[in-house]
Amino acid sequence: MKLKSPRARFFISIAIGAVLLFISGRVDELRSYQGAQVAIFAIAISSIVLLTGFSGQISLGHGALMAVGGYSAVLVQSHLNLPYPIAFLIGGAVGGAAGFLLGIAAARLQGPYLAGTTLALAVGIPSLANQFHILGGEQGLTFDIGTAPSWIGKDFSQYRWFFWVSVIAALLNYWLLRNLLSTRYGRRWRAVRANPTAAALAGINVGKAKVLAFTLSSAVAGLAGSLYAMLLGLVAPLAFTLTLSFTLITGAVLAGVSNLGGSIVGAVVLVAIPEISGSITSHLGGSEKVTSNLPGLITSVLLVATVLFAPNGPKWPRRKHQ
Amino acid sequence: MTIFFNTLLVGFSSGAIYSLMSLALVLVWRSTRVVNFAAAGQAILSTYIGYEAMKVLHNYWLSIPVALLAGALISAGVEAIVMRPLAKRSKGTPVEAIAPVIATLGILGLIRSGVGLIWGNSFLQYTSPLSSKGYTIGHTTIPFSPLNAAIVIGASVVLAIFAMIFRFTRLGLSLRAASFQPEISRLSGIRVDLIRTIGWAFAGAASAVAGALVTPTTYLSPNSLDLLLVSGFVAAVIGGLESLIGAVVGGLVLGIGFAFILQYIGTSVTFSAAFIILIIVLLLRPQGIFGVRRSREA
């Protein structure tokens with residue numbers, strides 16, 4: 001069996017998942033929480049990798065699309081009483097729909113216009129929550145998917161359950177995207193990224209390919225957003241700030257922008273940074289100023305250094321291009 | 001009718017600030033083909049420096065030139081230390097187009113957290129001696145205040161000086177030539193790299209003045225200029241992203257547009273309004289008011 005066939009990937013994903021889920025029983029609540037965070041960030045970063053690394057578009061507004069997904073999941077779960085897996089899927093679908101609308105505008109835009117438009121989106125969307133009563137204003141809305149089902153086992157802690165849900169979602173997402181990128185759609189996106197004019201001459205509908213990439217990427221971001229809402233237990237404008245959008249881009253750059261597997265590395269780094277900075281400040285006995293700003297500082301330095309010294313992304317062990 | 005004129009005046013005052021920010025973005029775009037998202041960061045750092053200067057000098061007006069100078073130096077530093085090496089390194093790689101955008105975002109984050117480390121995240125007051133209470137004409141008080149008047153005057157002075165430099169000096173000619181035809185300018189003896197850095201310095205000065213003028217109407221915190229960045233960008237797009245006059249006109253149009261939206265719809269839509277206006281402009285006239293439609297660049 002070839003290692004790269006979809007079926008092989010499927011089994012590898014299952015194997016990785018089984019190992020991770022087994023480990024989850026051996027660690028404490030904080031590590032489970034962080035594990036879930038890594039899985040969710042990996043999904044969100046993969047949406048940027050898909051968009052930027054494979055179709056050559058940039059978005060500074062994926063934090064806002066995560067908010068769209070998160071709010072939709074919470075609303076359908078609380079108002080329609082749908083089970084949460086459906087709520088997550090709806091979160092992804094609504095994120096995708098928002099991305100489709102945005103993508104139509106985005107496909108006409110190049111470089112700076114696209115970056116600026118999505119930036120305006122990142123600033124604009126979270127503030128919408130203050131205008132509609134149903135969105136709960138500044139406090140946001142709570143989101144509770146409940147505890148693990150009893151058949152899984154007794155004493156199954158809350159965060160361990162979140163970890164399970166996130167890891168399964170992340171693996172499914174990875175498996176789907178990996179396979180999708182080796183189909184003709186993936187090839188079209190790469191062609192569009194490499195040279196739009198040549199791609200158009202080769203018969204590819206550039207606009208359509210870009211809109212499709214944007215839609216799919218937004219759907220993935222929406223899914224990540226609804227999982228993020230689950231982990232936080234709420235959706236609120238302050239959870240989906242501009243900083244979140246920037247953080248995702250940092251993660252994607254650290255992953256090596258066109259490296260889907262790297263998104264897990266990016267996610268680990270993003271989750272590790274607050275941890276590292278926490279231990280630094282506790283050693284040095286820093287003040288509140290330091291504790292609240294050091295993580296951002298480390299993230300930004302990493303981002304600038306990566307772009308400056310390894311514009312193609314760090315040299316992770318790299319496969320040959322298919 | 002009174003309300004109409006009041007709104008127009010208030011819009012003019014905020015528009016003057018958007019013009020400065022938009023000018024900062026357009027200057028950088030013209031000289032290096034980068035939308036400088038770090039402009040908000042550079043402006044916030046120079047505004048904090050202005051704030052410190054005011055504590056020492058006990059004079060708001062003297063603190064503005066200090067902020068302006070700081071802004072110019074910071075911006076030139078960013079160009080020389082990060083952006084120029086980056087342009088050389090990423091040339092010809094697949095990330096050539098997006099690397100500068102990501103780098104400016106990184107610098108924005110870097111400056112913001114650096115500022116937070118030094119001054120903290122709490123809201124500071126950087127106040128001007130002028131009242132923000134409106135003028136009283138007869139028995140009615142209008143929303144246009146001495147502070148607004150100072151903003152309009154301050155912004156106009158800076159814009160006028162810039163216009164003179166660009167129009168009538170050798171430096172201005174070099175700046176325009178270097179952004180218009182870098183290769184030919186180099187052949188005619190212009191040091192294009194140096195001129196680019198100077199272009200960034202001018203941009204930094206413009207955004208610093210914008211920060212120092214707008215902050216007394218609100219408060220000072222590491223994130224307090226984010227909306228200004230978005231407004232500046234929208235204004236630049238309205239003006240066509242290429243044209244300096246367009247940047248100024250775009251800023252005024254946006255400021256007045258905002259003022260009417262706030263007056264007749266409400267304050268709650270401020271953040272979304274920028275986005276909606278941007279989308280409308282991009283759909284109706286993507287090349288902006290003063291821009292020229294160009295064909296796809298291969």
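I began with the secondary structure of chain A, which comes to 12 helices and 2 strands. The model is a predicted one, and I kept that in mind throughout. Next I wrote down the order of elements. From the N terminus, chain A runs α-α-α-α-α-β-α-α-α-α-β-α-α-α.

**Overall form.** I looked up the radius of gyration of chain A and found 19 Å. The globule rule gives 20 Å for 322 residues, so chain A is as compact as a globular protein of that length. I then took the spans of the C-alpha trace along its principal axes. They are about 60 × 55 × 50 Å. For burial, I noted that 51% of the 322 residues of chain A count as buried. I also checked contacts in chain A between residues at least 6 apart in sequence. Of these, 79% join residues at least 24 apart.

**Where the chains meet.** I turned to the interface. Here 41 residues of chain A are in contact with 46 residues of chain B. Which elements of chain A give two or more residues to that side? I found α5 (111-128), α10 (242-255) and α12. I sorted the chain A side by class and got 24 nonpolar, 15 polar and 2 charged residues.

I followed α12 of chain A (residues 288-309) to α3 of chain B (residues 60-90). Their axes come within 9 Å and cross at roughly 35 degrees. Which residues make the contact? From α12(A) I listed A:V304, A:V307 and A:L308, and from α3(B) I listed B:V82, B:P85 and B:L86. By class, this contact has 6 nonpolar residues, with no polar and no charged ones.

**Helix α5 of chain A.** I asked how many of its residues are buried. The count is 14 of 18, and I logged α5(A) as mostly covered. I also tested its length. At 1.5 Å a residue, the 18 residues should span 26 Å, and the end C-alpha atoms are 26 Å apart, which agrees.

**The nonpolar core.** Last, I opened the largest nonpolar core, which has 201 residues. Which members touch the most others? They are A:I43, B:A206, B:V209 and B:V234. I picked B:V234 and set aside its neighbours within four places in sequence. B:V234 is then in contact with A:A120, B:L254, B:A274, B:I277 and B:L278.

Terms used
Residues numbered from 1 in each chain as written. Chains lettered and ligands numbered in written order. Predicted model: local features only at pLDDT ≥ 70, side-chain atom pairs only at ≥ 80, totals over all residues. Axes fitted to C-alpha atoms, helices over the stretch in contact; angles between N-to-C directions. Helix = DSSP H or I, 4+ residues; strand = E, 2+ residues; numbered from the N terminus. Contact = placed C-beta atoms within 7 Å. Nonpolar A, V, L, I, M, F, W, Y, C, P; charged D, E, K, R; others polar. Core = buried A, V, L, I, M, F, W, Y, C linked by C-beta atoms within 7 Å. Buried ≥ 20, exposed ≤ 12 C-beta atoms within 10 Å, placed from the backbone. Expected span 1.5 Å × (residues − 1). Rg over C-alpha atoms; globule rule 2.2 N^0.38 Å.
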